[in-house]
Amino acid sequence: MSLDYVKFSPGFDRFMPKEYRDMVNHGPFGKKTTVSQMGSFKEILEEHPMCAGCAMTLFIRLAMISFPNPEDTITVGTAGCGRLAISQAAIPFVYGNYGDQNAVASGLSRGLKLRFGDKPKDVVVMAGDGGMADIGFSMTLHSWFRKERFTTIMLDNEVYGNTGGQESGMTNKGQVLKMAPLGKKFEKMDMVGMAKLAGCAYVATVVPNNPRRVESVIKKAVLIAREVGPTYIQAYTSCNIEYSIPTDKVMEDANSVEGDRYKFEEYITDDAKNYLANRYGYKIYQEKPAAALPKA
Amino acid sequence: MYLVADINVDICAATSCKLCTQYCPEANTILYDDNAGKEKGLKYGSAYVAVDRCKGCAQCVWVCDNMAKHHAITMTMIDQLPKAAITDRITYLDKGTKAIAAPVEVA
């Protein structure tokens with residue numbers, strides 16, 4: 001886990017595939033890359049088998065670019081659509097058994113802290129709504145209650161997209177799906193509220209129709225998780241297959257959902273604010289100088 | 001045959017929005033050539049599509065039409081593109097990328 005892990009063995013560079021050579025020579029490792037530079041450098045994410053026009057893919061792509069230190073990052077995932085793309089990246093990916101991604105990440109982040117001490121090693125969990133809110137629910141909440149220091153990102157497509165369209169805990173009430181023909185009978189789970197209750201230091205909801213916002217949210221979440229506490233991001237990543245959204249209207253849908261139930265919301269504790277301001281120089285969280293007293 | 005995105009360099013190089021590069025769900029598919037416009041006397045560079053990676057979702061078309069309002073991207077049958085970039089012919093530079101656009105052989 002250092003800049004050395006993506007490089008050539010001496011003499012073998014010309015035999016490597018072009019994608020690998022581009023990654024070594026023009027990848028983001030050891031550089032600061034931002035969303036505005038997209039299209040000008042080789043990205044960590046490679047070709048993947050996810051559906052055309054999938055908003056989840058777009059979010060994963062933006063997330064990979066937003067990691068503050070991609071060379072020191074490990075992603076953890078579980079069964080679901082997301083892992084099809086997350087695993088096709090030039091950073092290590094750990095595949096947890098269904099639902100135990102936050103338990104795996106807990107052990108991993110503790111182990112990395114023991115092995116590397118203060119050197120930042122980021123663990124980022126990216127899993128779907130089913131893996132996180134239904135099957136891995138207990139492990140997700142318990143990792144937050146234990147204040148495990150890693151980032152949890154929910155790729156919320158409001159359906160089990162990979163298995164044919166069953167309702168999940170995050171599906172909206174009344175939603176009719178292929179495998180839920182009578183409509184869902186219960187409310188959408190309030191994972192954001194639970195994350196705050198469980199003591200996450202940073203909680204945010206985003207929609208990938210604003211790449212710069214996604215970037216800033218993920219950067220903050222990963223940085224805060226280094227020292228302050230658990231962080232949680234809930235991202236709306238529509239399933240254009242199960243919800244029958246034409247691929248060219250995915251962003252239109254994202255805009256309308258953002259206006260409806262996925263308004264941008266950010267919750268940050270005072271500890272996290274101070275940490276970002278003092279350690280990483282975030283100006284918005286720095287204490288403003290006291291206003292000059294009006295002249296008597 | 002299948003559809004891929006095709007970016008009109010003349011329209012794209014007149015602006016510097018780069019929105020399509022940020023909204024494509026595929027990695028390293030819409031790339032940016034900083035010098036594309038200068039060869040034609042235009043102000044900015046232009047985005048282009050690595051057609052071997054394009055899945056034809058047309059999200060970039062919606063973004064270019066409705067968010068950027070430039071209408072520079074159209075969906076075209078891949079065998080009707082006179083010239084196109086593919087990953088093997090793309091070089092990454094210190095700033096931006098450069099592609100050799102050539103006719104695409106479709107089996």
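Modeller: One term before we start. A residue is called buried when its relative accessible area is under 20%. By that cut-off, B:Q59, B:C60, B:V61, B:W62, B:V63 and B:C64 are buried in helix α3 of chain B, residues 59-67. Keep in mind that this is a predicted model.

Biologist: What covers the buried residues of α3(B)?

Modeller: Parts of both chains. From chain A, the cover includes α2 (55-66) and α9 (250-260). From chain B, it includes β1 (3-7), α2 (19-23), β2 and β4 (73-77).

Biologist: Switching to chain A. What does its secondary structure come to?

Modeller: Chain A has 10 helices and 7 strands.

Biologist: How does its radius of gyration sit against a compact globule?

Modeller: It agrees. For 296 residues, a compact globule would have a radius of gyration near 19 Å, and chain A has 20 Å. The C-alpha trace spans about 75 × 55 × 35 Å along the principal axes.

Biologist: How much of chain A is buried?

Modeller: Buried residues are 54% of the 296. As for contacts with a separation of 6 or more, 68% are between residues 24 or more positions apart.

Biologist: What about its surface and charges?

Modeller: Chain A exposes about 13100 Å², with carbon and sulfur atoms supplying 55% of that. There are 36 positive and 33 negative charges, and their mean positions lie 5 Å apart.

Biologist: Which residues of helix α10 in chain A are buried?

Modeller: A:A272, A:Y275, A:L276 and A:A277, in a helix that covers residues 270-280. They pack against α8 (211-227) and β7 (265-268) of chain A. Just after α10(A) comes A:G281, with a positive phi of about 65 degrees.

Biologist: You mentioned α8. There's a lysine in it, A:K219. Buried or exposed?

Modeller: Buried. A:K219 has 18% relative accessibility, and the cut-off is under 20%, so A:K219 counts as buried.

Biologist: What does A:K219 touch?

Modeller: A:T33, A:S66, A:P68 and A:Y282, leaving out residues up to four places away in sequence.

Biologist: Back to chain B. Which way do the side chains point from strand β3?

Modeller: B:S46 and B:Y48 point one way, B:A47 and B:V49 the other. All of them are buried.

Biologist: How does β2(B) run relative to β3(B), parallel or antiparallel?

Modeller: Antiparallel. Strand β2, residues 30-33, is joined to β3(B) by 4 bridges. B:Y32 stands opposite B:A47 in β3(B).

Biologist: Tell me more about B:V49.

Modeller: B:V49 has a relative accessible area of 7%, so it is buried. Leaving out residues up to four places away in sequence, it touches B:A5, B:I7, B:T29, B:I30, B:C54 and B:A85. B:A27 is 22 residues from B:V49 in sequence, and their C-alpha atoms are 11 Å apart.

Biologist: Last one. Where is B:K38?

Modeller: In the loop between β2 and β3 of chain B. B:K38 is exposed, at 52% relative accessible area. Beyond four places in sequence, B:K38 touches B:K43 and B:Y44.

Conventions
Residues are numbered from 1 along each chain as its sequence is written. Chains are lettered from A and ligands numbered from 1 in the order in which they are written. This is a predicted model: local features need pLDDT of at least 70, side-chain atom pairs count only at pLDDT 80 or more; totals for chains, interfaces and linings use all residues. Side-chain values use heavy atoms; hydrogens and water are left out. Helices (H or I, at least four residues) and strands (E, at least two) are DSSP runs, numbered from the N terminus. The radius of gyration is taken over C-alpha atoms; the globule rule is 2.2 Å times the number of residues to the power 0.38. Buried means under 20% relative accessible area, exposed over 50%, partly exposed in between (1.4 Å probe, protein chains only). Contact means heavy atoms within 4.5 Å. Accessible areas come from the Shrake-Rupley method with a 1.4 Å probe; for residues, only the protein chains shown count as cover. Lys and Arg count as positive and Asp and Glu as negative; His and the chain ends are not counted. The place of a charge is taken as NZ of Lys, CZ of Arg, CG of Asp or CD of Glu. Two strands pair if DSSP finds at least two bridges between them.
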